[in-house]
Amino acid sequence: VIHAPKEGDVKSVKELIQKVEQTEFLTFTIFSILVLLILIFFMAPRYGSKNILVNILICSMLGSFTVMSCKALSIGIKEIVSKAPSVSYWYTYLFGVILIVCVMIQMNYLNKALDVFNTAIVTTVYYVLFTLFVMVSSSVLFKELLNISFEDFVGCMCGFSTIVCALCLIHFFKTSSDQDFVNLNSITNETNS
């Protein structure tokens with residue numbers, strides 16, 4: 001958190017739309033939509049029940065757009081309530097529709113993953129990929145990585161890696177019984193003697 005990039009200061013829907021219309025974010029969005037279409041229509045029907053990454057990738061990639069839509073919707077609602085819209089209301093409604101569609105598709109594929117795979121594994125993989133895609137999309141939209149020092153970048157990546165490793169360790173060793181822990185302690189004590 002200490003090393004995390006500072007989010008771009010966006011105070012109006014108009015400012016956010018200007019950022020969304022930048023070539024980098026449009027390219028990221030088009031690429032993401034193409035990958036999502038391939039995952040949804042080709043990969044999920046064939047491999048969704050065999051590979052956890054297919055459904056979780058769909059959820060995580062859409063999650064990055066869900067977070068961006070939430071931000072835009074909250075700014076738009078704030079402008080509507082204060083009766084000072086920077087652009088027409090339909091942009092706010094558009095972000096609301098994008099949010100609803102993304103959440104509906106996410107929930108569908110998350111439920112499919114939970115039906116087939118262990119909940120502990122699904123939540124771990126989903127948390128990691130969701131966080132990764134939100135970081136990437138936010139970095140592309142707000143150009144956060146351009147305003148961050150090398151030390152902060154390394155610190156941010158180390159923090160994210162620590163969280164990923166900790167989650168994996170917690171969930172993958174969660175299935176081992178207490179007896180395994182006792183056996184491990186006795187082995188450790190014997191080697192120390």
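1. Cavity lining. Helix H3 gives the most to the lining of the largest cavity, with three residues. Helices here are DSSP runs of H or I of at least four residues, and strands are runs of E of at least two, numbered from the N terminus. The model is a predicted one, in which local features need pLDDT of at least 70 and side-chain atom pairs count only at pLDDT 80 or more, while totals for chains, interfaces and linings use all residues. Residues are numbered from 1 along each chain as its sequence is written, and side-chain values use heavy atoms, with hydrogens and water left out.

2. Cavity count and volume. The search finds one cavity of 30 Å³ or more, and the largest cavity has a volume of about 30 Å³. Its lining comprises 10 residues, of which Val 13, Glu 79, Val 87, Ser 88 and Thr 92 lie nearest the centre. Two or more lining residues come from each of helix H3 (52-81) and helix H4 (90-116). A cavity is a set of points, on a 1 Å grid over the protein atoms alone, where a 1.4 Å probe fits but cannot get out; lining residues have an atom within 4 Å of a point. Grid points are joined across faces, edges and corners, and the volume is the space filled by probe spheres set on the points.

3. Overall fold. The protein chain has seven helices and zero strands, and its pattern along the sequence is α-α-α-α-α-α-α. Of its 193 residues, 34% count as buried, where buried means under 20% relative accessible area, exposed means over 50%, and partly exposed lies in between (1.4 Å probe, protein chains only). Among contacts between residues at least 6 apart in sequence, 78% join residues at least 24 apart; a contact requires heavy atoms within 4.5 Å.

4. Surface. The protein chain exposes about 12,000 Å², and carbon and sulfur atoms supply 69% of that area. Accessible areas follow the Shrake-Rupley method with a 1.4 Å probe, and for residues only the protein chains shown count as cover.

5. Helix H5 and its ends. Helix H5 (residues 119-142) has 24 residues and reaches 33 Å from its first C-alpha to its last, close to the 34 Å expected at 1.5 Å a residue; the expected span is 1.5 Å times one less than the number of residues. At the start of H5, a side-chain oxygen of Asn 118 reaches to within 3.1 Å of the backbone nitrogen of Ala 120. Just after H5, Lys 143 takes a positive phi of about 50°.

6. Phe 117. This residue is found in the loop between H4 and H5. Leaving out residues up to four places away in sequence, Phe 117 touches Gly 48, Ser 49, Lys 50, Asn 51, Ile 52 and Val 122. The C-alpha atoms of Phe 117 and Asn 51 are separated by 9.0 Å, although the two residues are 66 apart along the chain.

7. Ser 60. This residue has its place in helix H3 and counts as buried at 0% relative accessibility. A polar atom of the Ser 60 side chain lies 3.3 Å from the backbone nitrogen of Phe 130. A polar contact is a pair of N or O atoms within 3.5 Å; within protein, one must be able to donate a hydrogen and the other to accept it, and residues adjacent in sequence count only if both atoms are side-chain atoms. Neighbours within four places aside, Ser 60 is in contact with Tyr 126, Leu 129, Phe 130 and Phe 133.

8. Thr 29 lies in helix H2 (residues 23-47) and is buried, with a relative accessible area of 17%. A polar atom of the Thr 29 side chain lies 2.8 Å from the backbone oxygen of Phe 25. Thr 29 is 108 residues from Ser 137 in sequence and 8.7 Å from Ser 137 in space, C-alpha to C-alpha. Ser 139, in helix H5, is buried with a relative accessible area of 15%; a polar atom of the Ser 139 side chain lies 2.7 Å from the backbone oxygen of Met 135.

9. Glu 24. This residue of helix H2 is partly exposed, with a relative accessible area of 41%. Neighbours within four places aside, Glu 24 is in contact with Val 140 and Lys 143. Glu 24 and Lys 143 are 119 residues apart in sequence and 9.2 Å apart in space, C-alpha to C-alpha.

Definitions and conventions. On a 1 Å grid over the protein atoms alone, a cavity is a set of points where a 1.4 Å probe fits but cannot get out, and a pocket is an open set with protein on both sides within 12 Å along at least five of seven lines; lining residues have an atom within 4 Å of a point.
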